[in-house]
Amino acid sequence: MKKTIEEHANRFSDIAGDYDDSQDSEEYRACVSLVVDHADPGANDTVLDLGTGTGAIALALAPGAERVIGRDISEGMLDEARTKAEENGIENVEFGEGRFRDPNVDGEVDIVVSNFAMHHLSDEEKREAIEAIAELGPRKFVLGDVMFFGLPDPKEPFYSPEVDDPSTVGHLADVLTDNGFSLTAVERVHEQVGVLVAERT
Ligand SMILES: C[S@@+](CC[C@H](N)C(=O)[O-])C[C@H]1O[C@@H](n2cnc3c(N)ncnc32)[C@H](O)[C@@H]1O
């Protein structure tokens, strides 16, 4: 992690009110849509959205799931998510503090999702995060994120080395398989953005 958890939390809390309007790239929208489609929860499923931010994924999945848990380190982002849930009358979603390596969730979850958030962690921290996710026992983990299909290129969009620490697709695939998942889909949205679907073998 190139910045501390507190630095990331403060950075996102500072921009929380403008975050939704700033996410206007085609690739971000494609990722949201792919993560939602691949998660595809059933009516009895509990879904955990890690790095939920203002709740883009959590709120989109709530109507199809029994319960959605959104976790993030930024109170400002979580407040935006709670406001949107209330404004839209979505009652089966709960937003609270939790981190990738300590999601702060009681009990098992059926599906874990995460979009555009895990790239703040280093390779080793992502390994610890995926171990923590595997311990929750989900049958599926859908990860949309900045990730390198080729060589890292800071001149290309989505990768700012001062705040981001994306992994290669190879590293993510290795860690997922080490933790009992099989990669069942790899969606390349951009040379530096993709969606991985990992399911229990
Ligand atoms: C770019 S936003 C993405 C938000 C949302 N998932 C979306 O698709 O719009 C990244 C989010 O990850 C959160 N985040 C960063 N590091 C985190 C960590 N270690 N644990 C949990 N959330 C984290 C930030 O606070 C921020 O809300």
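**Packing, pocket and selected residues of a predicted model**

In the predicted model described here, the buried residues of helix H6 (169-178) pack against helix H5 (123-135), E5, E6 and E7. Helices (H or I, at least four residues) and strands (E, at least two) are DSSP runs, numbered from the N terminus. A residue is termed buried under 20% relative accessible area, exposed over 50%, and partly exposed in between (1.4 Å probe, protein chains only). The buried residues of H6 are Val169, His171, Leu172, Ala173, Val175 and Leu176. Residues are numbered from 1 along each chain as its sequence is written. Because the model is predicted, local features need pLDDT of at least 70 and side-chain atom pairs count only at pLDDT 80 or more, whereas totals for chains, interfaces and linings use all residues; side-chain values use heavy atoms, with hydrogens and water left out.

The end of H6 was examined next. Asn179 is placed in the loop between H6 and strand E6 (181-190). With a relative accessibility of 16%, Asn179 counts as buried. A polar atom of its side chain lies 2.8 Å from the backbone oxygen of Val175, which is itself one of the buried residues of H6. Such a polar contact is a pair of N or O atoms within 3.5 Å; within protein, one atom must be able to donate a hydrogen and the other to accept it, and residues adjacent in sequence count only if both atoms are side-chain atoms. When residues up to four places away in sequence are not counted, Asn179 touches Ile130, Glu131, Ala134 and Arg200, where contact means heavy atoms within 4.5 Å. H6 is followed by Gly180, which has a positive phi near 90°.

Met147 is found in the loop between E5 and H6. This residue is buried, with a relative accessible area of 0%. Apart from neighbours within four places in sequence, Met147 is in contact with Pro166, Ser167, Val169, Leu172, Glu191, Gln192, Val193, Gly194, Val195 and Leu196. The C-alpha atoms of Met147 and Gly194 are separated by 6.3 Å, although the two residues are 47 residues apart along the chain.

In soluble globular proteins, nonpolar side chains tend to be buried together. A nonpolar core is defined as a set of buried Ala, Val, Leu, Ile, Met, Phe, Trp, Tyr and Cys residues joined through side-chain atoms within 4.5 Å. The largest such core in the model has 34 residues, and Val93, Phe95 and Val113 have the most contacts inside it. Two or more residues are given to this core by each of helix H1 (5-22), helix H2 (26-39), helix H3 (56-61), helix H4 (75-87), strand E3 (93-97), strand E4 (111-115), strand E5 (140-146) and strand E7 (193-200). H2 gives the most, with seven residues. A second, separate core of 25 residues includes Leu50, Ala117, Ile133 and Leu136.

Ser114 is found in strand E4 and, at 0% relative accessibility, counts as buried. A polar atom of the Ser114 side chain lies 2.8 Å from the backbone oxygen of Leu50, a residue of the second core. Neighbours within four places in sequence aside, Ser114 is in contact with Val35, Asp49, Leu50, Phe100, Phe141, Val142, Leu143 and Gly144.

The open spaces of the model were also computed. A pocket is an open set of points, on a 1 Å grid over the protein atoms alone, where a 1.4 Å probe fits, with protein on both sides within 12 Å along at least five of seven lines; lining residues have an atom within 4 Å of a point. The largest pocket has a volume of about 700 Å³, a volume being the space filled by probe spheres set on the points, which are joined across faces, edges and corners. This pocket is lined by 38 residues, of which Phe12, Phe116, Ala117, His119 and His120 lie nearest its centre. H1 gives the most to the lining, with seven residues. The lining divides into 18 nonpolar, 13 polar and seven charged residues; here Ala, Val, Leu, Ile, Met, Phe, Trp, Tyr, Cys and Pro count as nonpolar, Asp, Glu, Lys and Arg as charged, and the others, Gly among them, as polar.

Asp40 has a positive phi of about 40° and lies in the loop between H2 and strand E1 (46-50). At 55% relative accessibility, Asp40 counts as exposed. Asn104 has a positive phi of about 60° and lies in the loop between E3 and E4. With a relative accessible area of 44%, Asn104 is partly exposed.
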